[in-house]
Amino acid sequence: MAASAGVAQLYRDILKAAKRFPSIKRNQILEDIKTEFHANKAMSNKEEIAKARQVAISSLQQLRDYVGLGGSGDGQVQLKGTV
């Protein structure tokens, strides 16, 4: 039960960040997020669930960094592996 509550919060957080994403394709991005979460709702393999959750967390952080909702707040995005 706690795991599904965490997934629900993650879903809401990603949607919130995506709504602020500066793109002419924002509506399509939101639909893609909803579709992906709903498709993964029936997952039962714990390894697949963990992988999907990690992808969602990483994606949320990237969205937050891009739209200025997290990180340093300076609007800069740093790619992994760069200095």
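1. Starting at the N terminus, the elements of this protein run α-α-α. That makes 3 helices and 0 strands. Helices (H or I, at least four residues) and strands (E, at least two) are DSSP runs, numbered from the N terminus. Please keep in mind that this is a predicted model, where local features need pLDDT of at least 70 and side-chain atom pairs count only at pLDDT 80 or more, while totals for chains, interfaces and linings use all residues. Residues are numbered from 1 along each chain as its sequence is written, and side-chain values use heavy atoms, with hydrogens and water left out.

2. A word on confidence. The score called pLDDT is the predictor's confidence in each residue, from 0 to 100. The protein has a mean pLDDT of 83, with 78% of its residues at 70 or more. Among the elements, H2 has the highest mean pLDDT (93) and H1 the lowest (86). Where pLDDT is low, the predicted coordinates should not be read in detail.

3. How much of the chain is buried? Of the 83 residues, 17% count as buried. Here buried means under 20% relative accessible area, exposed means over 50%, and partly exposed lies in between (1.4 Å probe, protein chains only).

4. Of its 14 residues, Leu10, Ile14, Ile33, Phe37 and Leu63 touch the most other members. The elements giving two or more residues to this core are helix H1 (2–19), helix H2 (26–40) and H3. The largest share, 6 residues, comes from H1.

5. The expected span of a helix is 1.5 Å times one less than its number of residues. For the 15 residues of H2 this gives 21 Å, and the end C-alpha atoms are 21 Å apart, which agrees. Which residues of H2 are buried? They are Leu30, Ile33 and Phe37. These cover an arc of only 60° around the axis, so they sit on the same side of H2; the arc is that of the directions from the helix axis to the C-beta atoms. The face turned away from the buried side carries the exposed residues Asn27, Thr35, His38 and Ala39.

6. Not counting residues up to four places away in sequence, Ile33 touches Tyr11, Ile14, Leu15 and Ala18. Contact means heavy atoms within 4.5 Å.

7. Helix H3 (residues 46–67) can be checked in the same way. Its 22 residues should span 32 Å, and its end C-alpha atoms are 31 Å apart, which agrees. The buried residues of H3 are Ala56, Leu60, Leu63 and Val67. Seen down the axis, they fall within an arc of 65°, so they line one face of the helix. On the face turned away from this buried side are the exposed residues Glu47, Lys51 and Gln62.

8. At its start, a side-chain oxygen of Asn45 reaches to within 2.8 Å of the backbone nitrogen of Glu47. After H3 comes Gly68, whose phi is positive, near 80°.

9. Asp13 is found in helix H1, and its contacts, leaving aside neighbours within four places in sequence, are Leu60 and Arg64. The C-alpha atoms of Asp13 and Gln61 are separated by 10.0 Å, though these residues are 48 apart along the chain. Lys41 lies in the loop between H2 and H3 and counts as exposed because its relative accessibility is 69%.

Key
Polar contact = N/O pair within 3.5 Å; in protein donor to acceptor, adjacent residues only side chain to side chain. Core = buried A, V, L, I, M, F, W, Y, C linked by side-chain atoms within 4.5 Å.
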